[in-house]
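Please have the sequence and the view open as I go.

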Amino acid sequence: RADYTVFVHLLDSDGQVVSQHDGLPQDGAYPTSAWDAGEVVVDERTLLLPPDLTQGLYSLWVGLYLPASGERLPVAGGGDSVKLGSARLGD
């Protein structure tokens, strides 16, 4: 079993990362190597938005990777991250 790092990325409409947070689950208190199959783990993250962030549509993505290699954990159905949702910021 490996200990993965969680990443959360806020992407703009061009797919560019405008904010991110990477870190161990629950600030290292509950590493992925201790998780059971099918277990739901709550892991809250805070993203700081840049002061010059423009109005527009943004999407939030999450995934896991091995810190030593940067290799991302594949997601069932394809890809290496999961889109949590989208939001229009501004007006």
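Thr 32 is buried, since its relative accessible area is 10%, where buried means under 20%, exposed means over 50% and partly exposed covers what is in between, with a 1.4 Å probe and protein chains only. Before I continue, please keep in mind that this is a predicted model, in which local features need pLDDT of at least 70 and side-chain atom pairs count only at pLDDT 80 or more, while totals for chains, interfaces and linings use all residues. Residues are numbered from 1 along each chain as its sequence is written, and side-chain values use heavy atoms, with hydrogens and water left out.

Thr 32 lies in the loop between E2 and E3, strands here being DSSP runs of E with at least two residues, helices being runs of H or I with at least four, and both being numbered from the N terminus. Its side chain reaches the backbone oxygen of Ala 2 at 2.8 Å. Setting aside neighbours within four places in sequence, Thr 32 is in contact with Ala 2, Asp 3, Tyr 4 and Pro 25, contact meaning heavy atoms within 4.5 Å.

Tyr 30 is also found in the loop between E2 and E3, and Tyr 30 is partly exposed, with a relative accessible area of 22%. Not counting residues up to four places away in sequence, Tyr 30 touches Pro 25, Trp 35, Glu 39 and Val 41. For Val 41, which is 11 residues from Tyr 30 along the chain, the C-alpha atoms of the two are separated by 8.9 Å.

The loop between strand E2 (17-23) and strand E3 (56-65) is also the place of Arg 45. Which side chain does the side chain of Arg 45 join in a polar contact of 2.6 Å? The partner is Asp 43, a polar contact being a pair of N or O atoms within 3.5 Å, where within protein one must be able to donate a hydrogen and the other to accept it, and where residues adjacent in sequence count only if both atoms are side-chain atoms. The side chain of Arg 45 also reaches the backbone oxygen of Gly 23 at 3.1 Å. Beyond four places in sequence, the residues that Arg 45 touches include Val 6, Val 8, His 21 and Leu 24.

Turning to the aromatic rings, the count comes to 1 aromatic pair, under a rule by which rings of Phe, Tyr and Trp (its six-membered ring) pair if their centres lie within 6.5 Å, with planes under 30 degrees apart counted as stacked, over 60 as edge-to-face and the rest as tilted. The rings of Phe 7 and Tyr 65 have centres 6.2 Å apart and planes at 35°, so this pair is tilted. The pair links distant parts of the chain, with Phe 7 in strand E1 (residues 5-11) and Tyr 65 in strand E3, 58 residues apart. Phe 7 counts as buried at 2% relative accessibility, and Tyr 65 counts as buried at 17%.

Finally, the chain overall. The protein chain has 0 helices and 4 strands, and of its 91 residues, 24% count as buried. Among its contacts with a separation of 6 or more, 58% are between residues 24 or more positions apart. The C-alpha trace spans about 45 × 30 × 25 Å along its principal axes.
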